[in-house]
Amino acid sequence: MTEINFKEYRVDEMKEKFQFPPLNILLIGATGAGKSSTINALLGEEAAKVGFGADPETKEVRKYKINDYLSFYDTPGLGDSPQDDAEHMKKIVSYLNRPCGKKGVSGKLIDKVLVVIDGSTRDFGTISALLNNYIFQELDADDVLFAVNQADMAMKGRHWDGRAAEPDAKLTEFLEEKADSVRQRIKESTGKTINTPVFYSAAHGFNITQLIDFIVDNSNSQRKEREAETTTSSSYSDDIPSNGKVAGHTAAGAAAGAAIGSAIPVVGTAVGAAVGGFLGFLSSFWDD
Ligand SMILES: Nc1nc2c(ncn2[C@@H]2O[C@H](COP(=O)(O)OP(=O)(O)OP(=O)(O)O)[C@@H](O)[C@H]2O)c(=O)[nH]1
Ligand SMILES: [Mg+2]
């Protein structure tokens, strides 16, 4: 496998496109889908804690800076229990409502949501319900991207060329069909038209550049309104834990936090109930 430093991949172009404000992507998905592993694959180090087995690992939203122009927000996985889902969705929705926070820039902190789907699982119900009830309530379909991880485990791991760390022709075809079926199922279950997802393997570093291409090519530089005359300030600071710094509360951060606290809709037990009710929906989604 060729070693690529993904932090520098297309960085000049990113600088052009996302210099100010930088592009912020929030990852969501079922627990164990590989959100944290995706961040580690992009960073080339074990920055985000990865889980073992079926137990959920990530507990809090955390920011990971890939470079000066691109950051990812890792979030706790969904689908473990209705109570936990309610908790996690509350946090996720509060992030989707956060203002950009950079002086002179209106608009939201989060530019895009990347939905990470586990390519080896059949359960799509949790995600489908959350998209309908929350994500598509907050964001345009254009701002919700989908990616199928664990490409190596699709078709029960058959047809994965371990030596080359890539799928053979048969698995490639299968993954292409899978990606297209995700698009179709989203259309059927939410009525939204999405871009055909990319497939990759975080664990094996397969198609990571395609994942970056997908994000960069589907994000435009005009995504937040800019007020050119007031963009000289660099006094921005936020209170989100990140790989660059320890969480630090500033007056601006605290004020923004307080505003969000009162602005987010009540997503208490209703979320859990909705998610629970939808579980099993599209359960034959991943049938081969
Ligand atoms: N085979 C394979 N395993 C993977 C891949 N990506 C992640 N995993 C494994 O899947 C498990 C869960 O990965 P995580 O990255 O912790 O998943 P997550 O989505 O962050 O999970 P939560 O934090 O619980 O929401 C770990 O055992 C990973 O090693 C992949 O591409 N292929
Ligand atoms: Mg995680």
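## Helices on the sheet

Let's start with helix α5 (residues 169-190), which lies across β4 (112-118), β5 (144-149) and β8 and runs at about 150 degrees to β5. Helix α6 packs on the sheet as well, touching β1, β4, β5 and β8, and its direction makes about 170 degrees with that of β5. Please keep in mind that this is a predicted model.

The sheet itself is open and built from 6 strands with mixed pairing, in the order β2-β3-β1-β4-β5-β8. At its edges stand β2 (62-67) and β8 (198-199); each has a single partner strand, so one side of each is left without a neighbour in the sheet. Further in, strand β1 (residues 23-29) pairs with strand β3 (residues 70-74) in the parallel sense over 4 bridges. Here I25 has F72 of β3 as its bridge partner.

## An enclosed helix

Next comes α2, where 7 of the 9 residues are buried, so the helix is largely enclosed by the rest of the structure. The buried residues are K35, S36, S37, T38, I39, A41 and L42. Their cover includes the strands β1, β2, β3, β4 and β5, together with helix α6. Just after α2, G44 takes a positive phi of about 75 degrees.

## Around ligand 1

The shell holds 23 residues, of which G34, S37, T58, G77 and A203 come nearest to the ligand.

## The nonpolar core

The largest nonpolar core has 63 residues, and V115, I117, A147 and Y200 touch the most other members. Leaving aside neighbours within four places in sequence, I117 is in contact with G29, A33, I127, F146, A147, V148, N149 and V182.

To finish, have a look at V216, which is found in helix α6 (residues 208-217). With 17 other C-beta atoms within 10 Å, V216 is partly exposed. Setting aside neighbours within four places in sequence, its contacts are R10, E13 and M14. V216 and K17 are 199 residues apart in sequence, yet their C-alpha atoms are 8.8 Å apart in space.

Note on methods:
Residues numbered from 1 in each chain as written. Chains lettered and ligands numbered in written order. Predicted model: local features only at pLDDT ≥ 70, side-chain atom pairs only at ≥ 80, totals over all residues. Core = buried A, V, L, I, M, F, W, Y, C linked by C-beta atoms within 7 Å. Buried ≥ 20, exposed ≤ 12 C-beta atoms within 10 Å, placed from the backbone. Contact = placed C-beta atoms within 7 Å. Near = placed C-beta within 6 Å. Helix = DSSP H or I, 4+ residues; strand = E, 2+ residues; numbered from the N terminus. Pairing = 2+ DSSP bridges. Axes fitted to C-alpha atoms, helices over the stretch in contact; angles between N-to-C directions.
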